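Subject: Structure handed over, with notes on what was found

Dear colleague,

I am passing a structure on to you with this email, and I would be glad if you opened it beside the text. Please take your time over each part and find every residue in the view as you come to its name.

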Amino acid sequence: MDNREAIGSWLSGPRSVAEGMGADFGYRGERLGLPQDGPRSVASFGRRLGAIFIDWALAVLISYGLLSGGALQVANRWALPVFLVMVLLTVGTVGFTPGKRILGLRVVAVDGLGRLATWRVLVRTVLLGLAIPALIWDRDGRGLHDQLSGAVQVRI
């Protein structure tokens, strides 16, 4: 193995290396009984990342316009609480945040693929606010906050 292969395997991660050695993990969401692509398939990392950027930008705009009195530093302090309240209210009522809706995503319960129970939305939102659980995900692409709350983000 030359250096380029070693660097490539590090960049693509252990899943890619294991698949290159013949391991079959199936597609994302197969263990959950979800389709491979199309509606109700597990949302890709890129769409989820894009949705969180849209939601964060919206939270900053709301905090700047309504809570900061025109001071950007004050708006930045209010951005996280505004973001968490927005996630709690929107996911708890309609199943998606504005960013998720724009990018065609929805948060659903794994067990029945319906709306999440209120307590699950609360657990998911608190864990999302801690950021670390959202940065750790399983082979199905579900963040730790989704796993612990029994949720999965799917395409609409």
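This is a predicted model: local features need pLDDT of at least 70, side-chain atom pairs count only at pLDDT 80 or more; totals for chains, interfaces and linings use all residues.

The protein has 156 residues, and 35% of them count as buried. Its secondary structure consists of 6 helices and 2 strands, and if you follow the chain from the N terminus, the elements come in the order α-α-α-α-β-α-α-β.

The largest pocket

The largest pocket holds about 540 Å³ of space. As background, rolling a probe the size of a water molecule over the atoms shows where empty space is left. In this structure, 24 residues line the largest pocket, and those nearest its centre are Leu49, Ile52, Leu128, Ala134 and Leu135. Three helices, α2 (45–67), α3 (72–93) and α5 (118–130), each supply at least two residues of that lining, and α2 gives the most, with 7 residues. Sorted by class, the lining of the largest pocket has 15 nonpolar, 5 polar and 4 charged residues.

Arginine 124 is placed in helix α5, while histidine 145 is found in helix α6, which covers residues 144–149. Is arginine 124 buried or exposed? Its relative accessibility is 2%, and because buried means under 20%, arginine 124 counts as buried. Histidine 145, at 5% relative accessibility, counts as buried too. If neighbours within four places in sequence are left aside, arginine 124 is in contact with Val87, Val91, Lys100, Val107, Leu116, His145, Asp146, Ser149, Ala151 and Gln153. Histidine 145, with residues up to four places away in sequence not counted, touches Arg124, Leu127, Leu128, Pro133, Ala134 and Gln153. You will see that Leu128 and Ala134, which histidine 145 touches, are also among the residues nearest the centre of the largest pocket.

Residues that are partly exposed

Tryptophan 137 lies in the loop between α5 and α6, and with a relative accessible area of 43% it is partly exposed. Which residues does tryptophan 137 touch, not counting those up to four places away in sequence? They are Phe45, Arg142, Gly143 and Gln147. For glutamine 147, which is 10 residues from tryptophan 137 along the chain, the separation between the two C-alpha atoms is 8.4 Å.

Isoleucine 62 is in helix α2, and at 29% relative accessibility it counts as partly exposed. Apart from residues up to four places away in sequence, isoleucine 62 touches Leu67 and Val82. Between isoleucine 62 and tryptophan 78 there are 9.0 Å from C-alpha to C-alpha, and the two are 16 residues apart in sequence.

The loop between α1 (3–20) and α2 contains phenylalanine 25, which is partly exposed with a relative accessible area of 26%. What deserves a careful look here is the backbone, as arginine 40 has a positive phi of about 70° although it is not a glycine.

Two further arginines, and the rings

Arginine 115 is found in the loop between β1 (105–109) and α5. Leaving aside its neighbours within four places in sequence, arginine 115 is in contact with Gly92, Thr93 and Ala109. Threonine 93 is 22 residues from arginine 115 in sequence, with 8.4 Å between their C-alpha atoms.

Arginine 101 takes part in an arrangement with a ring: its charged end sits over the ring of phenylalanine 96, at 5.5 Å from the centre of that ring. Besides this, the structure holds 2 aromatic pairs.

With best wishes

Definitions and conventions. Residues are numbered from 1 along each chain as its sequence is written. Side-chain values use heavy atoms; hydrogens and water are left out. Rings of Phe, Tyr and Trp (its six-membered ring) pair if their centres lie within 6.5 Å; planes under 30 degrees apart count as stacked, over 60 as edge-to-face and the rest as tilted. A charge sits over a ring if NZ of Lys or CZ of Arg is within 6 Å of the ring centre and within 35 degrees of the ring normal. On a 1 Å grid over the protein atoms alone, a cavity is a set of points where a 1.4 Å probe fits but cannot get out, and a pocket is an open set with protein on both sides within 12 Å along at least five of seven lines; lining residues have an atom within 4 Å of a point. Grid points are joined across faces, edges and corners, and a volume is the space filled by probe spheres set on the points. Helices (H or I, at least four residues) and strands (E, at least two) are DSSP runs, numbered from the N terminus. Ala, Val, Leu, Ile, Met, Phe, Trp, Tyr, Cys and Pro count as nonpolar, Asp, Glu, Lys and Arg as charged, and the others, Gly among them, as polar. Buried means under 20% relative accessible area, exposed over 50%, partly exposed in between (1.4 Å probe, protein chains only). Contact means heavy atoms within 4.5 Å.
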